[in-house]
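Okay, thanks for having me, everyone. I'd like to walk through some packing today, so let's get the picture up.

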Amino acid sequence: ANIAHGTSSVLAQRIGLHLADYVVNETGFAADLGAEKYFDIVMPMCGHVPAAAAVIVTLKALRTQGGSPDGPLAAGFPNLARHLDNIKRWGVPAVIALNRFPGDTDADLEQVMSYCRSIGADAALAEGYTKGGDGMTTLAEKLVAAAASSDPSAVKPVYAAAQTLEEKITAVATQVYGAGRVSFKPAAKSRLAKLAALGYGGLPVCIAKTQYSFTDDPKQM
């Protein structure tokens, strides 16, 4: 499971990799927060390159991301598509895990699965909530297949260590969050210049924002 920055500790990963054929690392707070920090901060520091990614989806989340907990599912599809685009941007294959809960209708679940097929995304129902391990077999098989076909050399951060701190921040803002541009206030520029002068310019950047939106506005889905 994850700690404050959205991933498990490197020590926990190394222990898991020594003990199992497959290790699942929960990079929480969505593909723009947890996964971004894994691919752009953790992975370059420790060298653990993911072979596949599972993007977790629920009917409730899709409706909420579309603007209303009682709204249409399709309104949340652009949010899902953006998370998939982000995963592809880092170069790792993705499988959508559609969590099924009591009360979810077959028609609603099929609407999501149909959308996934329409955009060429691999997906599976995840029914661990009601069926335990037996309800996760299909998802596990798809993830194993995705991992087997993965190219580790294609998995890369969105910025290089040699780029400036301003360039790194801009890369995350524009490539992950979809910002058109980034404007730095004089005070921010001064602080970044001081950090670079102190020898921190080669480090990755850790960006905190609301987990409810791709923007800084939690109401903007």
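When I say contact, I mean heavy atoms within 4.5 Å. This is a predicted model, so local features need pLDDT of at least 70 and side-chain atom pairs count only at pLDDT 80 or more, while totals for chains, interfaces and linings use all residues. Residues are numbered from 1 along each chain as its sequence is written, and side-chain values use heavy atoms, with hydrogens and water left out.

Let's start with Ile87. Skipping neighbours within four places in sequence, Ile87 has contacts with Ala31, Ala35, Phe39, Ala53, Val55, Val92 and Ala94.

Now zoom out to the cores. By nonpolar core I mean buried Ala, Val, Leu, Ile, Met, Phe, Trp, Tyr and Cys residues joined through side-chain atoms within 4.5 Å, with buried being under 20% relative accessible area, using a 1.4 Å probe and protein chains only. Which members of the largest core touch the most others? Out of 43 residues, those are Phe39, Leu80, Ile87, Ile96 and Val112. Helix H2 (30-46) gives the most, 9 residues. Helices and strands here are DSSP runs, numbered from the N terminus: H or I for helices, at least four residues, and E for strands, at least two. There's also a second, separate core of 6 residues, including Val95 and Leu139.

Last, a helix pair. H4 (residues 77-89) and H5 (residues 106-118) pack at about 45°, axes 12 Å apart. Axes are lines fitted to C-alpha atoms over the stretch in contact, and angles run from 0 to 180 degrees between N-to-C directions. The contact involves Phe77, Leu80 and Ala81 of H4, with Gln111, Val112, Tyr115 and Cys116 from H5.

How values were computed: Buried < 20%, exposed > 50% of the residue type's maximum accessible area, 1.4 Å probe, protein only.
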